[in-house]
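Biologist: Could you walk me through this protein before class? I'd like to ask a few quick things as we look at it.

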Amino acid sequence: MSLYERIPNNVGLSSDKRLLRALEHWLPNYMQWWSDMGPEGFQADDVYLRTATSVEPGGWAHFDYVKMPDYRWGIFLAPPEHDRRIGFGDHFGLPAWQEVPGEYRNMLRRLIVTQGDTEPASVEQQRLLGQSAPSLYDLRNLFQVNVEEGRHLWAMVYLLHSYFGRDGREESEELLERRSGSSDKPRILEAFNEPIEDWLSFYMFTTFTDRDGKYQLLALAESGFDPLSRTTRFMLTEEAHHMFVGESGVRRVVRRACEIMRETGDDDVRRQGGIDLPTVQKYINLWFSLSLDLFGGEVSSNAANFFSAGMKGRAQEPKYQDHLALEGSYPVAGEEIPLRNAMNEVLRDSYIEDCEKCLERWNRVITEHEIPYRLRLPDRRFHRHIGAYAAHRFDPAGHRLSAEQWNERRDEFLPGEKDFAYVRNLNAPVMEVGKIAHWISKPTTGIHGMPFEFEYVRRERN
Ligand SMILES: [Fe+2]
Ligand SMILES: [Fe+2]
């Protein structure tokens, strides 16, 4: 069986000479990248993973043990929509493009490369985390997220190879050459250059940064370039699990903190070996604000151009009334901005609303334990590096601070070295079946109907 016959796909790969030739080159480099930058120390283990083998409801989540380098990364598009039309912008109502429109070629390539770059970046950021997993269940979830981010890279590379010729192939190689955190060839977006060295950061990243990914994908799923729309629609089905890993992970940390306070009568959760709620709050402040930056500037002519061109819409565009957005305005930083220029902020607002729901779920756990504490999202002005608020300092409530006040109070708002060190030091690995680290509670259910006490990762014994 040739390597290519092993690639699950619904894009007619076996008869697509051009794509086969391009993959022939790219695939060995991808495998090399995975072995260099994928999860370190677990490549020989059998991991209970889901693999997408088709886009049918029963086919896209096939569960079995697999060694990660043998994972069957596939290429899938959501099924075509009959007579699909462009849903917004200057070409509203015309048939969706099946080929790249020449005038938007560069714009489209840039959108695809920027999205594609985040996928391997997150694998790189998380590559050492497995070595401190709180349970085999969590270890498996980390690897599931990692292999699927690998597949999301494939999804973008498929578009580059199929629709962009030579420069598409070059971009595909460069996606494997940039490295998260490298000073030389860093990843494109800043939040993807921060290493993730502890599990609370991982849960925050999958809650807030993967959720940014969800909103970017929702906006691209509306694209008038149909192959991009269909690719991202299928990616969204996988993304849901990543956000579940994050949201439920934080929830279990919060639950454990509450249990510890209740069981010991000691409010000093750290003294009892858990992660205290104020530390959780600081991590929220950090990862939420980093993720807000990923939406770009509040007022953006790029965003207006993406929208006009019909390349990137709003999340769930059909729910809006006016798909031209030529009239009307949107409030941004106390001013009314022409709607098309405010598209980043429109998307950011949908995102913030979604994040609020996570906070509600976390706070419900605290309320159930009758503990008078509430976790909050910081104000959108807090700790921003991009856009209208980047020039000034604000506290998490959105009050302006002088540089001096900020320096004095920074460690109240954001995790400092001591906080990171504390959380990192808790992260002694727990690799026994059915066992869990002290600082996090067990999940209420396992994966795919399996109990928590299941050998989600069979460690190689040597
Ligand atoms: Fe992804
Ligand atoms: Fe993801």
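**Buried charges and an iron site**

Modeller: Let me begin with Arg187, which counts as buried at 2% relative accessibility, and please keep in mind that this is a predicted model.

Biologist: Okay, which side chain does Arg187 meet in a salt bridge?

Modeller: The side chain of Arg187 meets that of Glu124, with 2.7 Å from N to O. Arg187 lies in the loop between α4 and α5 while Glu124 belongs to helix α2, so the pair ties together parts that are 63 residues apart in sequence.

Biologist: And Glu124, buried or exposed?

Modeller: Glu124 is buried, because its relative accessibility is 6% and the cut-off for buried is under 20%.

Biologist: What does Arg178 pair with?

Modeller: Arg178 forms a salt bridge with Asp117, and their closest N and O atoms are 2.7 Å apart. Arg178 is in the loop between α4 and α5, and Asp117 is in helix α2, so this pair connects parts 61 residues apart in sequence.

Biologist: Switching topic, which residues are the protein donors of the iron ion (ligand 1)?

Modeller: The donors are Glu119 (OE), Glu149 (OE) and His152 (ND1), which lie 2.1 to 2.2 Å from the iron ion (ligand 1). Glu149 also bridges this ion and the iron ion (ligand 2), the two ions lying 3.4 Å apart.

Biologist: Where do Glu149 and His152 lie?

Modeller: Both are in helix α3 (residues 136-163), 3 residues apart, which is about one turn of the helix. Glu149 is buried at a relative accessible area of 3%, and His152 is buried too, at 0%.

Definitions and conventions
Residues numbered from 1 in each chain as written. Chains lettered and ligands numbered in written order. Predicted model: local features only at pLDDT ≥ 70, side-chain atom pairs only at ≥ 80, totals over all residues. Heavy atoms only, no water. Donors = N, O, S within 2.8 Å, 3.2 Å for Na, K, Ca; no water. Helix = DSSP H or I, 4+ residues; strand = E, 2+ residues; numbered from the N terminus. Buried < 20%, exposed > 50% of the residue type's maximum accessible area, 1.4 Å probe, protein only. Salt bridge = Lys/Arg side-chain N within 4 Å of Asp/Glu carboxyl O.
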